[in-house]
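Welcome, and thank you for taking a look at this structure with us.

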Amino acid sequence: MNSVSKPLWPVLLGISLMLTTFGILHAAPSAQQWQSLNHSLVEEHILPRYQALQNSSARLAASSTALCRQPDPRQLKQVQSDYHQTMDAWQAVQHIQFGPIETLMRNFSMQFWPDRKNLIGKQLNLLLQQQDPQTLSTGYLYKASIGVKGLPALERLLFDSTLSDFENNSYRCHLSQTIAAYIAENSQATLAEWNADYRHSIATADSEASYYESHQEASVDMMKSLVEPVEAIRDQKILRPLNEGDQVRPRRLESWRSQRSLRNIQLNIASLKDLYSGTTHSVDSLLREQGRAPQADNISSLFNTIEQQLKTVQTPLVTHLPQAETVKRLRQISDALQQLDRELSAEMITLDIQLGFNSRDGD
Amino acid sequence: MEINRRRFCQLLGSAVLLPRLTLAASAGDNSTKPMFAAAAKGRDGQYHLYLISQQSQVLLDHILPGRAHHTEPHPQRPLLACIARRPGSFIDIVDYQAQRLVKRIIAGSGRHFFGHGIFSHDGRWLITTENEISSGQGRIVIRSLEDNYSIIADYPSYGIGPHELIQQPDSEVLTVANGGILTHPDHGREKLNLETMQPSLMRLNLHTGERLEQQVLPAELHQLSIRHIDTNRQGTTVIALQYQGDAGQNLPLVAVHRSGQAIQLLSAPEPVNRAMKGYCGSARFDDSGRFAAVSAPRGDLISFWDLQDNHFISSVRSPDGCGLTATHNTAEFIISAGTGRCIRHNILSGETTRMPLTLKTAWDNHLTSVSL
C-alpha cells in the first residue's frame with residue numbers, strides 16, 4: 001500500500017484538484033439526500049399549500065351560498081374577497097403539476113388558461129342562455145366542459161356583474177354557487193388523496209408499493225415543478241400579453257377581470273422561491289452540499305431581483321400594460337426569468353436530474 | 001486536445017475525419033449479439049448513436065453531428081441509417097460490424113429531413129421524408145445504395161410535414177404520415193399553420209410515386225397530427241397521434257387503418273386517455289402483428305392495444321418513455337426513456353423487467369431492433 005501511494009499521491013492530488021476545478025468530482029446526490037428533500041418539500045411546501053386551498057375554497061363556497069340567500073353589497077364584496085383568497089391559494093400551488101391534481105384533469109378543471117379560443121366565454125354564455133336547472137349541481141359540472149367549472153368561469157360571473165344579477169334567486173347566482181362548490185370539492189379531494197396515498201408513495205419511493213421506482217424519480221417531479229413554471233410564467237403571463245413587436249394585448253393577461261394579473265405572478269415567484277430554498281432540506285441546501293454554493297447564491301439573488309422588479313410594476317396591470325414604462329419593466333422581468341431558467345436548468349445537470357427529454361421536446 | 005479536435009471536425013462536417021467509433025464490448029457470443037439501436041443525448045452534451053447488445057452492453061458508440069430521431073437498420077447488411085430530427089440535414093450511415101461511418105448524406109439544397117427514413121425491403125433504396133423549404137410541401141426522396149446514395153427519385157408526399165413512413169409488407173407500396181404541420185427553418189421548430197393544418201395518411205407507389213390511397217380525419221379533428229405509424233404483416237397500420245389544439249380536450253390519440261377503409265380512431269379508457277396528455281410519440285406492432293404499443297411520453301406511460309378487435313389492453317408507467325421496439329416474443333416490447341431507463345414489458349404476462357444498462361444516456365424518441 002505504502003509503496004504504491006508514495007510515488008502516486010502527488011499525481012492523484014493533482015488530478016483530483018483538476019477534477020474539482022472543473023466540477024466533475026461532485027457525485028450526484030444520494031438516495032438518502034433525495035428522500036430528505038422530498039420529505040421536506042411534501043410536508044413543508046406542498047401539503048400546507050393544498051391545505052390553504054381547501055380552506056379558502058370552502059369559505060368561498062359558503063359565502064357564495066350565502067350570497068344567493070341574501071344578496072346585498074356586503075355579501076357580494078365578501079364573495080369577491082373569498083374568490084381572491086382562493087385564487088391566491090391556487091396561484092401558490094399552481095406550479096405543482098403532478099400527483100392528485102392531475103387525476104381527472106383537476107388542474108384544468110381548476111383553471112383552464114390561457115383560453116385562446118374563448119371556450120370559457122362560449123360555454124358559459126350557453127349555460128346562462130339556457131338556464132337549465134339541471135346544470136346547477138356539482139354532479140353536472142364533473143361532466144361539463146372544462147371551460148365552465150373553474151376559477152376563470154367564476155371570475156367572469158363575480159367580476160363582470162352587478163349586484164342585481166345575483167338577486168331574486170337568479171340562475172347566475174346559483175351557477176356561481178355551484179362552481180364554487182365544485183372548486184371546493186376538487187380542492188378537498190386533492191388534499192385528501194395526497195394525505196391518503198400520494199404522500200406515502202413519495203416517502204416510500206423505492207418500495208414495491210410506490211408509484212415511483214426511486215427517490216430520485218420522485219425528485220424529478222419536484223424539480224419539474226421548480227424549473228418548468230419559470231418559462232411558462234414568462235411565455236404565457238408576460239410575453240403573450242406583451243405581444244412582442246405588435247400592440248400589447250391586456251386581455252391576454254391572466255385574471256385581468258379581477259385585476260390581479262401581477263399579484264398572480266408575485267405569488268408564483270414567491271412559491272417557486274419557497275420550493276427552491278424555503279424548507280428544511282431544499283434544492284438550495286442540496287446544491288451547497290454538492291459544492292455549488294456560488295451557483296446557489298446566484299439563483300437566490302435572481303429570485304430576489306425578480307421579486308424586487310415585480311414590486312416596481314404599476315397595477316392594475318390590465319390598465320397599465322399599454323404604458324412604455326410598464327412594457328420596459330416587464331421586459332426586464334422576462335429577461336431575469338430567462339436567466340433564472342438557464343441557471344436552474346444548468347444546476348439540474350449538476351444534480352443529475354433529467355427533467356424530460358422526449359416529453360419536453362418531442363417530435 | 002481530443003475535445004478540440006472533435007469540435008473542429010464537427011464544424012468541418014467532414015465524413016472522413018469525424019467518426020469516433022469504439023468497440024466497447026469485448027469478445028463473447030451473447031454480449032456481442034446486437035439487440036437495439038437508438039439515438040441519444042449523452043452526458044457529454046453530444047448526440048450519439050448507440051447499438052446495445054442482448055446483454056445490455058454498448059456495441060457501438062458513434063458521435064452524431066447533431067440531434068437525430070429515428071434509426072433504421074438495413075434488412076440484409078450490418079448498416080444503420082441514423083436520421084437528423086427536423087429540421088436537420090444529415091443522415092449517418094454506419095457499418096456497426098466494421099465500426100465505421102460509411103456515408104454521411106447531406107440533404108439537398110433547399111431541403112431538410114423530418115427525422116424518418118427506411119430501407120426498402122430489398123435493401124436497395126433509402127427512402128426519406130423531406131421538406132421542400134420554399135414551398136413547404138412534403139417530398140419522398142429515394143436514394144440508391146448501389147450508386148453511393150445518389151437520388152434516383154423525388155416525389156410529392158401530397159401533404160405538409162411528412163413524418164414517419166413505412167413500406168407495406170410484400171408490396172411496393174409506401175404508407176406516409178403527413179403530419180400536416182408547416183415549419184420553416186427560419187422559424188426553427190415553430191408550427192406555422194395550426195389553424196389550417198390538414199394531416200393525412202397517404203399510400204404511394206414506391207417506384208412511380210403514384211398516389212394510391214389518401215385518408216384524412218373528420219374536419220373537426222384536423223388538429224390531430226398523424227405522425228408515427230407502423231404496419232404489421234397483414235398490412236394493418238397503427239397510428240400515434242398528437243393533438244395540436246387546446247389542452248383539456250380529451251380526444252382519441254391512437255388510430256388504425258386497413259387498406260381502403262377510413263381511419264378508425266381509438267380511445268383508451270378516460271383516465272388513461274386523459275393521462276396521455278394529447279401526445280403520442282411512437283407506435284410499434286409486436287412480433288405477432290396482433291398487439292401494438294403506443295407511447296405517451298408527456299403522460300409518462302405506454303399504452304397497449306389489441307388490434308385484432310381494436311381494444312385497449314393496458315398501460316405501464318415509464319417516465320419520459322418514448323422509444324418502442326418489438327422483441328421476438330409475442331406481445332413483448334422494449335421501451336426506452338429520456339431518463340436513460342430501458343424496460344422490457346410483456347402485455348400478456350404483465351411482467352416488466354428493467355434492462356441492466358450501465359450506460360447512462362437520454363434515449364431519444366425512437367428505438368429499433370437490430371437482429372443480424
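In chain A, residues Leu151, Ala153, Leu154, Leu157 and Leu158 of helix H7(A) meet Arg172, Leu175, Ser176, Ile179, Ala180 and Ile183 of helix H8(A). Two residues count as being in contact if their C-beta atoms, placed from the backbone, lie within 7 Å. By class, this contact of H7(A) with H8(A) has 9 nonpolar, 1 polar and 1 charged residues. Please keep in mind that this is a predicted model: local features need pLDDT of at least 70, side-chain atom pairs count only at pLDDT 80 or more, and totals for chains, interfaces and linings use all residues. Residues are numbered from 1 along each chain as its sequence is written, while chains are lettered from A and ligands numbered from 1 in the order in which they are written.

**How the two helices cross**

- Helix H7 of chain A covers residues 151–159 and helix H8 of chain A covers residues 171–203; their axes come within 10 Å and cross at roughly 150 degrees.
- H7(A) and H8(A) are therefore roughly antiparallel to each other; angles over 145 degrees count as roughly antiparallel, under 35 as roughly parallel, 65 to 115 as roughly perpendicular and the rest as oblique.
- The axes are lines fitted to C-alpha atoms, for helices over the stretch in contact, and angles run from 0 to 180 degrees between N-to-C directions.
- H7(A) passes H8(A) in a left-handed crossing, a term used if the near helix is turned anticlockwise from the far one by less than a right angle, with clockwise giving a right-handed one.

**Chain A as a whole**

- Chain A has 14 helices and 0 strands; helices (H or I, at least four residues) and strands (E, at least two) are DSSP runs, numbered from the N terminus.
- The C-alpha trace of chain A spans about 95 × 55 × 40 Å along its principal axes.
- The peptide bond from A:Trp113 to A:Pro114 is cis, with omega near 0 degrees, and A:Pro114 has its place in the loop between helix H4 (106–110) and helix H5 (119–130) of chain A.
- A cis peptide bond also joins A:Thr315 and A:Pro316, with omega about -5 degrees; A:Pro316 is in the loop between helix H12 (293–311) and helix H13 (317–320) of chain A.

**The two domains of chain A**

- The domain assignment of chain A gives domain 1 (30–213) and domain 2 (214–353); such bounds come from an automatic or database domain assignment.
- The centres of these two domains of chain A, taken over C-alpha atoms, are separated by 23 Å.
- In chain A, 33 residues of domain 1 are in contact with 31 residues of domain 2.
- On the domain 1 side, the elements that give two or more residues are helix H2 (31–69), helix H3 (73–91) and H7 of chain A.
- H2(A) gives the most to that side, with 11 residues.
- By class, the domain 1 side has 15 nonpolar, 11 polar and 7 charged residues; Ala, Val, Leu, Ile, Met, Phe, Trp, Tyr, Cys and Pro count as nonpolar, Asp, Glu, Lys and Arg as charged, and the others, Gly among them, as polar.

**Where chain B touches chain A**

- 23 residues of chain B are in contact with 17 residues of chain A.
- Helix H2 (270–275) and strand E29 (362–369) of chain B are the elements that give two or more residues to the chain B side.
- E29(B) gives the most to that side, with 3 residues.
- The residues of the chain B side divide into 7 nonpolar, 8 polar and 8 charged.

**Sheets and turns in chain B**

- In chain B, 4 strands form an open sheet in the order E21-E22-E23-E24, with antiparallel pairing; two strands pair if DSSP finds at least two bridges between them.
- Strand E21 (282–285) and E24 of chain B are the edge strands of this sheet, each pairing on one side only.
- Strand E23 (residues 301–306) and strand E24 (residues 311–317) of chain B run antiparallel and are joined by 6 bridges, and B:Phe304 stands opposite B:Ser314 in E24(B).
- The hairpin of E23(B) and E24(B) has 4 residues between the strands, and B:Asn310 takes a positive phi near 55 degrees there.
- Another open sheet of 4 strands in chain B has the order E25-E26-E27-E28, and its pairing is antiparallel.
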